[in-house]
Amino acid sequence: MDKSGLFKDWMKQNLSAPDFGTRTLFPSHPSQPSAAAPARGSQETMSHLLCALLSLLSFAALLESAQWKLQENVLVIESQWDAEAPASSVELTCDSSEEQVYWEKDSEWKQEGKTLTAAVKEFPDAGNYSCLSQQSHKVLSSHLLLIAKINSQGQMLRWILKSFKGSSETFLKCEAKNYSGIFTCSWMTENKSPDVKFTIRSLKGPQGDVSCSSPVAVTEGALTTYTAQCHKESFCPFAEEHQPIDIFLEVIDLVEYENYSASFFIRDIIKPDPPQCQYVATNGTVTWAYPRTWSTPNSYFPLTFKVKVKRPRKHRYQVYDTEEQSLQLAAPGPAEVWLQARDCCYLSSWSEWSSPCR
């Protein structure tokens, strides 16, 4: 879930209409009010309805201009990305004891005074707002405003990353070669902007038990793939997993903000390296070993295998399934042979096909 979703869930929980309990607002057989309290029931009813109305109005106003602090002096402003929606109003205060100050946005003079109200709708409205001294013209404080585009339903619009092949909704993919607690997360972009920046971390924040390295970029043609290695501390490969790992990726391109998340168990993202194999053409024997990167002992972490065989001048492949580490082909002779492996206990991903067995 993105931050806007988390924010709105929090508001639904905290700004909901008052709980009327089991009290009946409009009883079928109303009793006459006593002389000591002539209008107590109606007063309480009106009070509850008024509180409910005020809560709903506050909730709607917050949804219309949701904003949050990404880090110190950096605000993310949700902007509904259509021409009809109003701009969000953002109030900035100069963090200085000086009274004679003025504001600049990206070095352009805006106004005098300690408080600035900015209307933020499109990218030119975002950027760096600085408060400067009228005497020394030194920067006293600054605020960076970023824009997160949302649709009319409040869902974040994501355009910076490219989805993975086979899934239009998968932008952040994580895989593990074994049960060590080490895994890699990757994402792709066609954006050639040199200003795009990424932050990947545990959704639990700095106190979480997952740490990730800085991403490494590899460019092929117009597509750039970023990869970060992550490690879940104190992960026990022999214990059953009960809590999923939540990974959060934040993307900033100049003043545009997007975020992505992935939630998984290690067992669900396992993808072994290909096996190491040999093929002896004279007797038709294929043998192989477990990948060196796979968890041990093999008896506790068994793999299952596929063997793919292609004979010369044949257009079709033969594929064999086995849990052994050798296979006797029915007929010896020249052939191309490949192997792939998968965790035997969980239906996670198959490895890539190995190089041809030699």
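User: Why is Cys131 called buried in this predicted model?

Analyst: The relative accessible area of Cys131 is 0%. Buried means under 20%, so Cys131 is buried.

User: What makes Cys94 and Cys131 a disulfide?

Analyst: Their sulfur atoms lie 2.0 Å apart. The cut-off is within 2.5 Å, so the pair counts as a disulfide. Cys94 sits in the loop between strand S3 (88–93) and strand S4 (101–105), and Cys131 in strand S7 (residues 127–133). The two are 37 residues apart, and the pair links distant parts of the chain.

User: Is Cys94 classed as buried or exposed, and why?

Analyst: Cys94 has 3% relative accessibility. The limit for buried is under 20%, so Cys94 counts as buried.

User: How do you know the handedness of the disulfide between Cys94 and Cys131?

Analyst: From the torsion about the S-S bond, which is about -80°, so this disulfide is left-handed.

User: Which handedness does the disulfide of Cys212 and Cys230 have, and why?

Analyst: Here the S-S torsion is about 105°, so the disulfide is right-handed. Cys212 belongs to strand S13 (residues 210–212) and Cys230 to strand S15 (residues 223–232), so the bond ties together parts 18 residues apart in sequence. The S to S distance is 2.1 Å.

User: Why do Cys212 and Cys230 get their accessibility labels?

Analyst: Cys212 has 24% relative accessibility. Cys230, at 1%, counts as buried because buried means under 20%.

User: What makes the disulfide of Cys277 and Cys357 left-handed?

Analyst: Its S-S torsion is about -95°, so it is left-handed. The pair links distant parts of the chain: Cys277 is in strand S18 (residues 276–280), Cys357 in the segment after strand S23 (336–343), 80 residues apart. With relative accessibility of 16% for Cys277 and 6% for Cys357, each counts as buried because the limit is under 20%.

Key: Residues are numbered from 1 along each chain as its sequence is written. This is a predicted model: local features need pLDDT of at least 70, side-chain atom pairs count only at pLDDT 80 or more; totals for chains, interfaces and linings use all residues. Side-chain values use heavy atoms; hydrogens and water are left out. Helices (H or I, at least four residues) and strands (E, at least two) are DSSP runs, numbered from the N terminus. Buried means under 20% relative accessible area, exposed over 50%, partly exposed in between (1.4 Å probe, protein chains only).
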